[in-house]
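Reader: I am new to this structure and would like to know what stands behind the terms used for it. Please show it, and I will ask as we go.

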Amino acid sequence: LIDHFGFVKGADDPNWAALLSLAEFPNVSVKASAHFRVVPEGGERAWPYPSTATQLRQMVDAFGAERVVW
């Protein structure tokens, strides 16, 4: 289980693609939590953290909703 979006700072962070590539391993899940921890530098730091909407969509597309811990 990878916690807090893997602490990757936004969908443009180069580490984001690496995190999504872990979807090929069926026993890896990602926790969609602590959105405030993954806001990119200079990004909006107030709820609803618009930068994480893209990350959530891509995470569900890659891992499937059953492997995203809500």
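Reader: Which residues does H4 touch, and what makes that a contact?

Author: Not counting residues up to four places away in sequence, H4 touches K31, S33, A34, R37 and V38. Contact means heavy atoms within 4.5 Å. This is a predicted model, in which local features need pLDDT of at least 70 and side-chain atom pairs count only at pLDDT 80 or more, while totals for chains, interfaces and linings use all residues. Residues are numbered from 1 along each chain as its sequence is written, and side-chain values use heavy atoms, with hydrogens and water left out.

Reader: Is H4 buried or exposed, and how do you know?

Author: Buried means under 20% relative accessible area, exposed over 50%, and partly exposed in between, with a 1.4 Å probe and protein chains only. H4 has 16% relative accessibility, so H4 counts as buried. H4 is found in the segment before α1; helices here are DSSP runs of H or I with at least four residues, strands are runs of E with at least two, and both are numbered from the N terminus.

Reader: How far apart are H4 and V69 in sequence and in space?

Author: They are 65 residues apart in sequence and 9.8 Å apart in space, C-alpha to C-alpha.

Reader: What is said of the phi of F5 and F7?

Author: Most residues other than glycine have a negative phi. F5 has a phi near 55°, a positive value in a residue other than glycine, and F7 has a positive phi of about 55° although it is not a glycine. F5 counts as buried because its relative accessibility is 0%, whereas F7, with a relative accessible area of 45%, is partly exposed.

Reader: What makes D3 and K31 a salt bridge?

Author: A salt bridge is a side-chain nitrogen of Lys or Arg within 4 Å of a carboxyl oxygen of Asp or Glu. The closest N and O atoms of D3 and K31 are 3.7 Å apart, and the pair forms a salt bridge. D3 lies in the segment before α1 and K31 in strand β1 (residues 30–31), so the pair ties together parts that are 28 residues apart in sequence.

Reader: How many salt bridges does this rule give?

Author: The count comes to two. R57 also forms a salt bridge with D61, with the closest N and O atoms 3.1 Å apart. Both residues lie in helix α2, four residues apart, about one turn of the helix. R57 counts as partly exposed at 49% relative accessibility, while D61 at 55% counts as exposed.

Reader: Why is α1 called roughly parallel to α2?

Author: The axes of helix α1 (residues 14–21) and helix α2 (residues 51–63) come within 9 Å and cross at roughly 30°. Angles under 35 degrees count as roughly parallel, over 145 as roughly antiparallel, 65 to 115 as roughly perpendicular and the rest as oblique. That makes α1 roughly parallel to α2. The contact is made by W16, L19 and L20 of α1 and Q55, Q58, M59, A62 and F63 of α2.

Reader: What makes a nonpolar core, and which residues have the most contacts inside the largest one?

Author: A nonpolar core is a set of buried Ala, Val, Leu, Ile, Met, Phe, Trp, Tyr and Cys residues joined through side-chain atoms within 4.5 Å. The largest has 15 residues, and those with the most contacts inside it are F5, W16, V30, M59, F63 and V68.

Terms used:
Axes fitted to C-alpha atoms, helices over the stretch in contact; angles between N-to-C directions.
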